[in-house]
Structures are given as C-alpha cells and as structure tokens.
Amino acid sequence: MRKNWLGGTEVEKQQAQGNKTYAVQLVTIFLGFIVFGLSENIKGPAIPRIQFDFALSEAQLGTLLSLNALGYLIACSFTAFLARKWGVKAVSVLAFGTMALSGVFIYVSHSYPVFSASYFLMYIGNGILEIALAILSARIFVKNTGFMMNLTHGFYGLSSTVAPLIATGLMTVNIWGQTLDWRGMYFIMLALSIVPILFALWSKFPEDDISHEERVPIRTLLKDRALWFMVLILSFGVVSELAVGGWLVNFLEKAYHWDTVTASGMLSAFFLCFALARLLLGAITDKIGYNLSLIVFSGFSAICTFIAIAGGERTAFLFAASGIGIAMIYPTVMAFIAKRYAGGSDNAITIIVTLMGVGSVIGNYLIGGIMEIVKDRYGANTEIGLLRGLQAGYGFIGLCAAICTVFSFMLYRYLRSRKELI
C-alpha cells in the first residue's frame, strides 16, 4: 500500500481527516443546541418582569409568545431553500448572527413595539437554527439515528436546565452601578451565539448530494398520511414542551406564591429531567421502535402534568418529572423522518416543522386566552380567579401531551397495518 511522505498510508490520512471533520461537525451541533436551549429557556424568569414592565395581561402575554412563534414559523418556511442554495454552513452562521443581533436590539428596547420586533427577530434566528441543525443531523447520523438524535438534543436539555438559574442570577447582577435586569441578561446570553459561529466557519459541512431526480417531491410527501400524523404529534408535543419554559415560573409564582429563585429551580429541575431523558433513554427508542416510543413518552408526560395540577403544591415535583416524557418527542420524530424520508429529509423536515410552527402559534395564544377567560369567570381580581385561570391554562399544556399520545397511537396502528413501523 502506497505511503505518503509522512510515513502513513493515504487511506489512514483520509480516515484521520474524516474523523477530525466529524468531530468538528459534532462540536458545532452540540454548541448549536446549547445556544438554542439557552435562548429558548431564559424567558421563564424574565416573563413576569417583562409582563410587569409593559403592563401586559395573561392574554396579551400569550399573544406576545404566539406572535414571536410566528417569527420562528416564518424562518422554518424558507431555511431549507437557503440551505440548498447557500449550504448548511452559511445558513448556520446566519442563524447564530441573527440571534446575537437580536440580543443587542432587546437590550436597547424600551418601548413595547421595539421589544416585540426584537423578540420576533430572535425567533427568526431560532427557526433558522433549528432547521439547519435538523438537516445537518439527518445527513451525518446514518447509524444509531435515534440514539444520536437524542444525544445531540440532550445538549439542548442541559443548557435549558441551567438557563433559568443563570437568567435569574444575571438579572440581579450590578455592572457599573446598574442592574442588568432582563434586557442585559438577554444581551449577554444571546452574545454567546458568537462562539458556535467560529466553529461553524472552521467546520466543513456535508452538502446536499441528492440529485433532483432522486429527491422525494414535496407533492409525494404531502400525500403520505404518516407525515400528517407526524405534524400533529410534533405540534401538540412541542406546544407542551415549549409552554413549560414560558409558563411554569409564572404559574408557580402566582398560584403558590413561590419566590423567583425557587420557581426557577423547579423549571431547571424540569429541564434536568428533560436532558437526562435524552442522554440516557435515546437507546431505548432505537430498541423498542420510534412509533411505540412516542406513545409511551407522551403519555407519561400528560399523566405527570395532570397529577401535578390536581395534587396542588405538594405534587409540584411532577411538573419537573413530566420533562422525562416530553423530552423524547422531538428527537424521536426527527429520527423517524431521517429513516422514513432518507431521499428527502430536508423537504420533510421543512413541511413538518413549518406546520408545527402554526400549531405553536395557536397553542401559545390559547394558553393565555384560556387563563384569561377562566380567571374572569371566577373573578378577575380575586385570588381564586387567578388560581383557577392558571390551572386551566396549564391544564391545556397537559392536554396537548395527551392529544400527542392519541395521534401517536393512531400513527402506530396505521403503520403497523402497512408493516412500515420504524
């Protein structure tokens, strides 16, 4: 076998280069999910302060979160196109840069319109990043797909675990005699997006090597009933997942009069369960199958949430335990897509995640609206009215997980009848 001038074979040299490239790709993905988790879940402790500063009602707060989810939705609709046109590398850098820039705008926003626009821009960056990371993961994780998808998404869970505590601490920090508050906290946390930009620029990403003839057409994908089941499963699952980050601290502070540190600690416990589930249970999804996993884990999350609400303060720990189940939904769906739509995963991801975004917009709006309606019915300015409103709104989060279970079971039956279970 021919040796190169350094004494190693050409094959060994290529293998070493391939391992280095793969390692840098992994680091980029891991850092991407870390930044994604931070940007998504620092809002928990900040939401009550934002609500107070701008004098927002629960319904207005729900509208704010749903409108910003619209930014995420818009980004999902064009990112796959940009990834094919510019490459995943350029799109990843665009995502991180957008998020860093939004932090600057949030910091200088002192009016509600400016803040809303800045928050909207952050969600644009989040949407671009999620699609870019999903496409990259689908291209490089060709073996042990379920395990690797859960492992990488586990880094989202780890950063989400510490995000509420870091955010709570940063909001009280004084620099040059001024408290950072939530604006300064967002600026610092989103500035961390610069770090993965450096790795993305250094990394060589796998490009789209599927020819136009080999690609599964969007029209064909839209005719697949399984894809529509995945849209419904992911929509309700993600509403249940993301709503916890936005509403749990608010719920615990107002319903049980917990202080911010304690309430943020419970949110961190939720994300700790969330992260550990993805890191430790990913292999189970490969073993028992993705379809059965969706039923088991979404059902577990729904049960925990309903018991936590019904049991009152003494069962509040089950809010955290629900993270074990809901954590597995998104990466399991992504693994399913990578396996079922190997010839068009980017198109399938775009369709499913974009339509999921529609559900997220509606879901956040409904949570705030339900809270407001029930609160008014029991007495808008009474303690019991506030409690019942919060319980009803959070109950909808559990209901979303339960609906996710129902559609997961329907998908299981559909694929089993066709002998296409994955």
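Reader: Helices here are DSSP runs of H or I with at least four residues, strands are runs of E with at least two, and both are numbered from the N terminus. Which helix is D181 found in?

Author: D181 is found in helix α7, residues 181-191. This is a predicted model, in which local features need pLDDT of at least 70, side-chain atom pairs count only at pLDDT 80 or more, and totals for chains, interfaces and linings use all residues. Residues are numbered from 1 along each chain as its sequence is written, and side-chain values use heavy atoms, with hydrogens and water left out.

Reader: What is the phi of D181 near?

Author: The phi of D181 is near 55°, a positive value in a residue other than glycine. Most residues other than glycine have a negative phi.

Reader: Is D181 buried, exposed or partly exposed, and why?

Author: D181 counts as partly exposed because its relative accessibility is 26%. Buried means under 20% relative accessible area, exposed means over 50%, and partly exposed lies in between, with a 1.4 Å probe and protein chains only.

Reader: And K419, where is that one?

Author: K419 is in the segment after α16 (383-417). K419 also has a positive phi, about 55°, although it is not a glycine. With a relative accessible area of 79%, K419 is exposed.

Reader: Switching to helix packing: at what angle do α10 and α15 pack?

Author: Helix α10 (residues 225-255) and helix α15 (residues 345-378) pack at about 45°, and their axes are 8 Å apart. That angle makes α10 oblique to α15. Axes are lines fitted to C-alpha atoms, for helices over the stretch in contact, and angles run from 0 to 180 degrees between N-to-C directions. Angles under 35 degrees count as roughly parallel, over 145 as roughly antiparallel, 65 to 115 as roughly perpendicular and the rest as oblique.

Reader: Which residues make that contact?

Author: Contact means heavy atoms within 4.5 Å. Among the residues involved are L227, W228 and W247 of α10 and I351, G359 and M371 of α15. The residues of this contact divide into 16 nonpolar, six polar and no charged. Here Ala, Val, Leu, Ile, Met, Phe, Trp, Tyr, Cys and Pro count as nonpolar, Asp, Glu, Lys and Arg as charged, and the others, Gly among them, as polar.

Reader: How do α10 and α11 pack?

Author: α10 and helix α11 (residues 260-288) pack at about 155°, with axes 8 Å apart. This makes α10 roughly antiparallel to α11. Residues that meet include E241, L248 and E253 in α10 and T260, F270 and R278 in α11. The contact of α10 with α11 divides into ten nonpolar, three polar and three charged residues.

Reader: What about T332: buried or exposed?

Author: T332, in helix α14 (residues 329-340), counts as buried at 1% relative accessibility. Its side chain reaches the backbone oxygen of M328 at 2.5 Å. Not counting residues up to four places away in sequence, T332 touches N150, T285, Y290, S293 and L294.

Reader: One more: what does K89 touch?

Author: Leaving aside residues up to four places away in sequence, K89 touches A200, L201, S203 and F205. A polar atom of the K89 side chain lies 2.9 Å from the backbone oxygen of L201. K89 is found in helix α4 (residues 88-108) and counts as partly exposed at 30% relative accessibility.

Note on methods
Polar contact = N/O pair within 3.5 Å; in protein donor to acceptor, adjacent residues only side chain to side chain.
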